[in-house]
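Hi,

Here is the structure I promised to pass on. Have a look at it first, and then read my notes below.

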Amino acid sequence: MCGIKGSSAAPLFLLLGFVAVSSINADSLSAPLNVTITPLEGNSAIVTWEILEGDPVIGFAITQQKKDVRMLRFIQEVNTTTRSCALWDLEEDTEYIVHVQSISMSGTSPPSEPVLFRTPKEKEKLASKSPDEVTMEEVGQAAQLRAGELIIIVVVLVMWAGVIALFCRQYDIIKDNEPNNNKDKAKNSSECSTPEHPTGGLLRSKV
């Protein structure tokens, strides 16, 4: 009977040992460090962090929560070495709390220290932007304006070229018709200067 009890206890002991080793491996994974939030616009931000050298990290997990609100957004990505993630669809002038965890083959690390940040208002963003700062949207708009200006210039040049070509063609036609007009004028002038003689013979003088 004791032998039977001993044999049934052995698998249970091995299972408990495996769970203990897994939990030790997961707990040995350090939490991400230096978590920072960089607001991009009123509705987006970038989360960046660092990990300890030597940690077998294969991914990350981020929890995003509005302050004083229970609803959470969970973002997870594996098979990556990136140390940043974009947060989107944020409400402007709203406080958020963010935690970051590292993921390894044996589990996840403890969460990082909570980071509290507030998204800016649109007016604050415009006021804080320096005059020399140019966003990608402004660059795209400037490129569209330049393209439109170039199209207008090309159209105007083509129209002017057409007008000049038409003028040259009309000028050539007028120039070609000038010799014919001169011949007609000369013929008409010669006909007018020749006197008409009556038919019927020579005129004889009386004696």
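One definition before the rest: a charge sits over a ring if NZ of Lys or CZ of Arg is within 6 Å of the ring centre and within 35 degrees of the ring normal. With that in mind, go to W88, where R73 lies over the face of the ring, at 4.9 Å from its centre. Do remember that this is a predicted model.

Strand 2 (residues 44–50) pairs with strand 5 through five bridges, in the antiparallel sense.

Now for the aromatic rings. How many aromatic pairs are there? The count comes to two. One of them is Y96 with F117: the ring centres are 5.8 Å apart and the planes are at 25°, so this pair counts as stacked, the cut-off being under 30 degrees. Y96 belongs to strand 6 (residues 95–104) and F117 to strand 8 (residues 115–118), so the pair ties together parts that are 21 residues apart in sequence. Are these two residues buried or exposed? Both Y96 and F117 are buried.

That's it from me for now.

Cheers

Definitions and conventions: Residues are numbered from 1 along each chain as its sequence is written. This is a predicted model: local features need pLDDT of at least 70, side-chain atom pairs count only at pLDDT 80 or more; totals for chains, interfaces and linings use all residues. Side-chain values use heavy atoms; hydrogens and water are left out. Two strands pair if DSSP finds at least two bridges between them. Helices (H or I, at least four residues) and strands (E, at least two) are DSSP runs, numbered from the N terminus. Rings of Phe, Tyr and Trp (its six-membered ring) pair if their centres lie within 6.5 Å; planes under 30 degrees apart count as stacked, over 60 as edge-to-face and the rest as tilted. Buried means under 20% relative accessible area, exposed over 50%, partly exposed in between (1.4 Å probe, protein chains only).
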